[in-house]
Amino acid sequence: MIAAPTSGAGKTTLAVGLMALLARNGYKVQPFKCGPDYIDTMFHGLVCGRPSVNLDLFMATCEHVRELYRHYSADADITVVEGMMGMYDGYERHKGSPAEIATTLGLPIVLVVDASHTGFSIAPLLYGFKHFCEKVNVIGIIYNKVGSEKHKRLLHEACEQVGLECFGFIPKRNEAVNGERYLGLDFSSKVDVSVLADMVEDNVDWRRLIKRCESVDMAIDDIEEHVGSEKILVARNAESFSFLYQEHIDILKSMGSVEYFDPEQNKEIPQDTTLLYLPGGYPEKHLDSLQSAERCRRSIREYAERGGRIIAECGGMMYLCESILSDDGEAEMCGVLPYKITAKKADRKLSLGYRRVVMDGKEWRGHEFHYTQFVEPKPHSAALVYDARGNIVDSPVIRQGNVMASYTHLYWGNEKNILFIW
């Protein structure tokens with residue numbers, strides 16, 4: 001696992017660079033990402049040539065996370081798991097943190113440390129991360145933003161002082177660091193992954209790192225394959241509808257045939273669709289294209305009116321509403337849901353965190369992250385929604401006919417079949 005003491009230390013850049021370097025050297029690399037992140041996983045898939053899988057101990061059980069890890073890493077030469085936030089940051093203290101995921105899977109941890117404003121004083125911090133939890137196996141450090149040879153010596157001495165290996169020093173440089181958007185890296189810009197791979201190769205003793213990371217001795221369970229008869233249609237677009245868990249796609253494929261469509265293209269959806277999945281993304285950035293694709297919007301509205309089953313999350317829910325307001329005007333959407341969404345800068349408000357959704361005596365778990373809001377009045381919620389600490393959250397879940405929509409991205413992995421909602 002690649003983790004860090006804090007956010008912004010450079011773990012995504014380092015993790016992606018390491019994945020790219022390993023792939024370049026002929027390794028079959030299976031990437032994973034801690035937490036409900038959609039953007040970092042896009043980078044992982046880009047460089048590894050296989051989908052990155054989310055590991056989350058709030059939305060899934062320990063047993064299910066182990067099952068995911070075994071299943072997706074079965075044919076890989078090596079796995080790289082990217083942490084999230086700080087190594088001990090979870091939904092409640094360290095619960096659900098990268099540290100807990102690492103202990104659940106028996107993974108060794110390499111810490112990426114921002115050394116830009118520290119020298120030998122980093123030693124007690126490293127000592128704390130190594131010894132805070134006896135089950136956590138921190139094996140070494142990669143320093144980022146290192147300034148000079150003298151700086152290197154001080155940092156190396158700090159590792160020696162606390163008994164940790166130093167695997168490398170990334171110098172202060174800008175060309176390998178991509179920009180940020182919202183809470184993650186900006187995937188809309190072109191990423192030269194060869195630069196990241198070169199950065200790791202030139203500054204990290206990656207062969208020693210791999211040798212030091214012992215293989216995880218876990219039995220690989222056979223996963224029974226069963227394909228159903230559903231005709232499933234999934235919206236997919238580089239930005240507008242891009243927030244997808246790979247586990248969800250595999251679940252859908254076990255239920256029947258899965259086809260993708262781009263709502264920005266002016267085409268009607270297939271008449272034989274039995275389940276329509278509209279995942280999240282940034283539809284507010286492509287309002288003109290979505291509004292212009294009138295045939296697509298109309299066919300989705302007619303599908304819903306016929307009783308078609310729809311799951312819409314965050315951006316997908318916004319797309320189902322009457323319209324989306326922006327600083328440039330108002331764009332007409334599908335009109336399935338009789339509500340309006342504002343994406344105006346003046347109305348931006350961050351809603352972020354894990355969610356528990358309780359409805360009809362059942363509980364689902366998920367994650368919410370958005371800046372857009374409903375234009376008042378808000379819809380009535382068909383469910384009680386709580387945060388990770390049990391506080392009620394004002395985030396409505398809409399049940400209208402066979403449509404289920406909300407700002408929350410539900411996780412279905414524990415259920416194996418999304419049709420349990422109905």
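Here is a short chat about cavities and aromatic contacts in this predicted model.

Trainee: What is the volume of the largest cavity?

Mentor: A cavity is a set of points, on a 1 Å grid over the protein atoms alone, where a 1.4 Å probe fits but cannot get out. Volume is the space filled by probe spheres set on the points, which are joined across faces, edges and corners. The structure holds three cavities of 30 Å³ or more, and the largest comes to about 100 Å³.

Trainee: Which residues lie nearest the centre of the largest cavity?

Mentor: Lining residues have an atom within 4 Å of a point, and there are eleven of them around this cavity. Nearest its centre lie Y282, E284, F369, H370 and Y371.

Trainee: How is the F58 and Y91 pair classed, stacked or edge-to-face?

Mentor: Rings of Phe, Tyr and Trp (its six-membered ring) pair if their centres lie within 6.5 Å; planes under 30 degrees apart are stacked, over 60 edge-to-face, and the rest tilted. The whole structure has 16 aromatic pairs. For F58 and Y91, the centres are 4.9 Å apart and the planes sit at 65 degrees, so the pair is edge-to-face.

Trainee: Is F58 buried or exposed?

Mentor: Buried means under 20% relative accessible area, exposed over 50%, and partly exposed in between (1.4 Å probe, protein chains only). F58 has a relative accessible area of 3%, so F58 is buried.

Trainee: How many residues apart are Y88 and F129?

Mentor: They form a tilted pair, 5.9 Å centre to centre with 40 degrees between the planes. Y88 is in the loop between strand 4 and helix 4, while F129 is in helix 5 (residues 122-131); helices (H or I, at least four residues) and strands (E, at least two) are DSSP runs, numbered from the N terminus. That puts the two 41 residues apart.

Trainee: Which residue lies over the face of F58?

Mentor: A charge sits over a ring if NZ of Lys or CZ of Arg is within 6 Å of the ring centre and within 35 degrees of the ring normal. Elsewhere, R236 sits over the ring of Y260, 4.7 Å from its centre. For F58, at 4.4 Å from the ring centre, the residue is R365.

Technical notes: Residues are numbered from 1 along each chain as its sequence is written. This is a predicted model: local features need pLDDT of at least 70, side-chain atom pairs count only at pLDDT 80 or more; totals for chains, interfaces and linings use all residues. Side-chain values use heavy atoms; hydrogens and water are left out. On a 1 Å grid over the protein atoms alone, a cavity is a set of points where a 1.4 Å probe fits but cannot get out, and a pocket is an open set with protein on both sides within 12 Å along at least five of seven lines; lining residues have an atom within 4 Å of a point.
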